[in-house]
Amino acid sequence: MNVHRVRSVFISDVHLGTRACQAERLLAFLRAYPAEYLYLVGDIVDFWAMRRDVRWTPAQNTVVQKILRRARHGEQVVFIPGNHDEALREYTGIRFGDIRLEREWVHTTAEGKRYLVLHGDEFDQVTRYHRWLAVLGDVGYTWLVHANGWLSWLRRKLGIAGYWSLAGYAKRKVKVAVSFVGDFEGSVARAVRERGLDGVICGHIHVAAMHDIEGIRYVNCGDWVDSCTAIVEHHDGQLELIHWSAEEADAHTAEAFAEDMLLRPRAPGRKIAA
């Protein structure tokens, strides 16, 4: 099985408890990338959506168990709640078992650069001041992701290769969405610069990115609803944006299953009388 041991893994916007959560792909990714540090950068559980409709699958249960197991086995797990799991912010500063719950965190890379790790919803003016509009937008986004599932099925039936995201297309093409992403990134970068840090690692807007903004390294983890992306830090301190495709996830799951079958002890055979 192809395993990539890294120093740190950053994931955000998993949205456990929803139909759109791609838990199976996340599980394959977590198996492929063991690390020393695991950061859960907000909206891991979607309490907003669960008030309307709870969709909790066995794979989502396994995601939670996998994270707890990694923490028990010595991986340092830091959970930074977002706006969709904001109820947990009341408990920041304490530990739940082996998982540390924090409002934000400063991560120092292997090469000594300091990154502010936070969800990022405090830089979203809609979420801060117009909650009803944020909830309405969340419902609309959920519908787009659900519709995208039907489109993907249709594309497969028509023999069209590759993955195409309706929600991602809307973000890239709708002028209001493009402007919102730019404003969000600029606001986060300015706040980090004022604190004298080298960069920021965040989530919230479901747009994975890694680029410089006026000398500040802006890194966004993306999500595990639509794009299935994460950030990893290698042992030399370099950050990499991982796009975890369905094909990679399926291949890794198949390899893990085959390896498990090889390692599983065989039941003793029965002798057949002559």
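Colleague: Which residues touch the most other members of the largest nonpolar core?

Modeller: Please keep in mind that this is a predicted model. As a general idea, nonpolar side chains in soluble globular proteins tend to be buried together. Here the largest nonpolar core has 34 residues, and those that touch the most other members are Val9, Ile11, Phe29, Tyr33, Trp224 and Trp244. At least two residues of this core come from each of β1, α1, β2, α3 (58-72), β3 (76-79), β5 (99-101) and β11, and α1 gives the most, with 7 residues. Apart from this core lies another, of 15 residues, among them Val188, Val192, Ile205 and Ile216.

Colleague: How many aromatic pairs does the structure hold, and how should I read the one formed by Phe10 and Tyr39?

Modeller: The structure holds 6 aromatic pairs. Planes under 30 degrees apart count as stacked, and Phe10 and Tyr39 form a stacked pair, with 5 degrees between the planes and 4.8 Å from centre to centre. Because Phe10 lies in strand β1 (residues 6-11) and Tyr39 in strand β2 (residues 35-40), this pair ties together parts that are 29 residues apart in sequence. Phe10 is buried, with a relative accessible area of 0%, and Tyr39 is buried as well, with a relative accessible area of 3%.

Colleague: Where do Phe29 and Trp244 lie, and are they buried or exposed?

Modeller: Phe29 and Trp244 form an edge-to-face pair, with 5.7 Å from centre to centre and 75 degrees between the planes. Phe29 lies in helix α1 (residues 23-32), whereas Trp244 lies in the loop between β12 (239-243) and α8 (246-263), so the pair ties together parts that are 215 residues apart in sequence. Phe29 is buried, at a relative accessible area of 0%, and Trp244, at 5% relative accessibility, also counts as buried. Ring pairs link Phe29 and Trp244 with Tyr33 and Trp224 into a cluster. Leaving aside residues up to four places away in sequence, Trp244 touches Arg25, Ala28, Phe29, Ala32, Tyr33, Trp224, Cys228, Ala249 and His252.

Colleague: What is the order of the strands in the open sheet, and which strands stand at the edges?

Modeller: In general, the strands of a sheet pair through backbone hydrogen bonds, either parallel or antiparallel. In this model, 5 strands form an open sheet in the order β6-β7-β8-β10-β9, with mixed pairing. β6 (105-108) and β9 stand at the edges, each with a single partner strand, so one side of each is left without a neighbour in the sheet. From one strand to the next the twist averages 25 degrees. Strand β9 runs antiparallel to strand β10 (residues 216-220), to which 5 bridges join it, and Ala209 stands opposite Asn220 in β10.

Colleague: How many residues lie between β11 and β12 in their hairpin?

Modeller: The hairpin formed by β11 and β12 has 5 residues between its strands, and Gly237 in the turn has a positive phi of about 90 degrees. Strand β11 (residues 229-233) pairs with β12 in the antiparallel sense over 5 bridges, with Glu233 standing opposite Leu239 in β12.

Colleague: With which side chains does His206 make polar contacts?

Modeller: His206 is found in the loop between β8 (199-202) and β9 (209-213), and this residue is buried, with a relative accessible area of 10%. The side chain of His206 makes a polar contact of 3.1 Å with the side chain of Asp13, and another polar contact, of 3.2 Å, joins the side chains of His206 and His15.

Definitions and conventions:
Residues are numbered from 1 along each chain as its sequence is written. This is a predicted model: local features need pLDDT of at least 70, side-chain atom pairs count only at pLDDT 80 or more; totals for chains, interfaces and linings use all residues. Side-chain values use heavy atoms; hydrogens and water are left out. Rings of Phe, Tyr and Trp (its six-membered ring) pair if their centres lie within 6.5 Å; planes under 30 degrees apart count as stacked, over 60 as edge-to-face and the rest as tilted. Helices (H or I, at least four residues) and strands (E, at least two) are DSSP runs, numbered from the N terminus. Buried means under 20% relative accessible area, exposed over 50%, partly exposed in between (1.4 Å probe, protein chains only). Two strands pair if DSSP finds at least two bridges between them. A polar contact is a pair of N or O atoms within 3.5 Å; within protein, one must be able to donate a hydrogen and the other to accept it, and residues adjacent in sequence count only if both atoms are side-chain atoms. Axes are lines fitted to C-alpha atoms, for helices over the stretch in contact, and angles run from 0 to 180 degrees between N-to-C directions. A nonpolar core is a set of buried Ala, Val, Leu, Ile, Met, Phe, Trp, Tyr and Cys residues joined through side-chain atoms within 4.5 Å. Contact means heavy atoms within 4.5 Å.
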